[in-house]
Amino acid sequence: MTIYNGACDCGKISAKGVNLHYGSFQALRNITLEIPQCAITAIIGPSGCGKSSFLRLLNRMNDIINGVRVEGVLQLDGVSIYDKYVNVVDLRKRVGMVFQKPNPFPMSIFDNIAFGPRQHGINNRKVLEEIVERSLRHAALWDEVSDKLGQSALALSGGQQQRLCIARVLAVEPEVILMDEPCSALDPIATLRIEDLMRALTKDYTIVIVTHNMQQAARVSDMAAFFMMEEDRAGMLVEYGSTSQIFTKPRDKRTEDYITGRFG
Amino acid sequence: MEIRTEFHKKLADIHSDVLAMGSMVEKAILHSVQALKERDLTLAEQIINDDININKKRFKIEERCIELIATQQPMASDLRAIMSVTSITTELERIGDYAEGIAKIVIMIGDEPPLKPLVTVPRMAEKTVDMLHRSLEAFYNHDDATARQIVIEDDEIDHLYNDLYRVLISFMVEDPKTITRATRLIWVAHNLERAADRITNICERVVFTVTGQIEEIGASKY
């Protein structure tokens, strides 16, 4: 299986010995993994094992939580994500996020997509139109909405709304897209559409997805990381490898037990 | 709009791999009979060596099938196609073994003078390869009608084998000195006859892939 579709063969995101604490509670312990560029990396594991916490570390979404403390090395293209000189707004432009429930803004389809670029100072109508069309095309939504860009995004179906949210992320030209259970609110066909879109996006983007749906992780990802909780409920990485290896011959008994449904 | 494009591409790649493996096996059969006709021991050795590649190809395809089942949750005709591929590649590998078997007999025969001009064996080989080729095309094209037709054609191979068997028995009865050479020719023909039976198994998998029915079509007399 091709793991690196892009020109770069180094890890896009690198975590070494990462610990995450919320006050006195340790949510993640000693996480070390390299996330390859232009590929999809899935994080799987039982509820509460720290999957989403890890994902949120990658664009510093945890910053707003009181008492949060991050230790270890977490780098994007070799530069520390938690360096004090990092501009969090710029970081989140480079590392976009798609959430569990589609969350279009209560405004038109056009304005939803143009929102990010406008925030970053782009106001030229022609430029915005180009960005909106390109983003919607890239998110495989253009053909369905090109004649109703002025209509409210809230009128779209759930699957369309989620593709709109992906288009909204693409509009600010990120490098990494984080997806936290992006299909859990969608029907099976809309889910498969999003998965197809994700595969198409790996040509240009690095994707990290957290999912409870093991089958989805198996279908869509190139690399898979299995997290579970230690006795003190801190999340730890049990096994990380190519998706093909993890789902056909896991090395760790705990991974085997989880993916065969013997625990979890 | 088609969905699951990546999965369907991987499935199509596996189908192409089966055709490629089929070509390797067709070549092995034709070469084995050519080696027999021309007493070409070098070619016979090559067939024996090349069989390793056929076996490797089978394992590679099987691994890809396992990966698709584990990661893509194939359903309905896709699932049947993948299950059929694992059966078909097993049959192909065995047919490759029959070709290898003929090559070993060629080496055993060495430069012994021919018992009789080779007519039936090349005809059996050509017919077997034709059946094999069309059975894999039928698999690729989801053509169960052709698959059923090929199973009927197996009778032709059986007739050729029986005719040759009778002729060789009469040789042996008339002159016991021919027993060794005649027996070896019977082995060759038997390998081809068995290969054709394996092709009928492939055809049954084609029917299963298309219709979902697991059935024995025109149960072979042998």
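Q: What covers the buried residues of helix 7 of chain A?
A: The cover includes strand 3 (40-44), helix 6 (158-170), strand 7 (176-180), strand 8 (206-210) and helix 8 (214-220) of chain A, along with helix 1 (5-38) of chain B. Helices (H or I, at least four residues) and strands (E, at least two) are DSSP runs, numbered from the N terminus. Buried means 20 or more other C-beta atoms within 10 Å of a residue's own, with C-beta atoms placed from the backbone.

Q: Is this predicted or experimental, and how is it numbered?
A: This is a predicted model, where local features need pLDDT of at least 70, side-chain atom pairs count only at pLDDT 80 or more, and totals for chains, interfaces and linings use all residues. Residues are numbered from 1 along each chain as its sequence is written, and chains are lettered from A and ligands numbered from 1 in the order in which they are written.

Q: Which residues of helix 7 of chain A are buried?
A: They are A:Thr191, A:Leu192, A:Arg193, A:Ile194, A:Glu195, A:Leu197, A:Met198, A:Arg199 and A:Leu201.

Q: What pLDDT does chain B average?
A: Chain B averages 95, and 98% of its residues score at least 70. pLDDT is the predictor's confidence in each residue, from 0 to 100.

Q: And the complex?
A: The predictor gives an ipTM of 0.79 and a pTM of 0.85.

Q: How many residues of chain B are in contact with chain A?
A: Ten residues of chain B are in contact with twelve of chain A, counting C-beta atoms, placed from the backbone, within 7 Å.

Q: Which element of chain B gives the most there?
A: Helix 2 of chain B, with five residues.

Technical notes: Buried ≥ 20, exposed ≤ 12 C-beta atoms within 10 Å, placed from the backbone. Contact = placed C-beta atoms within 7 Å.
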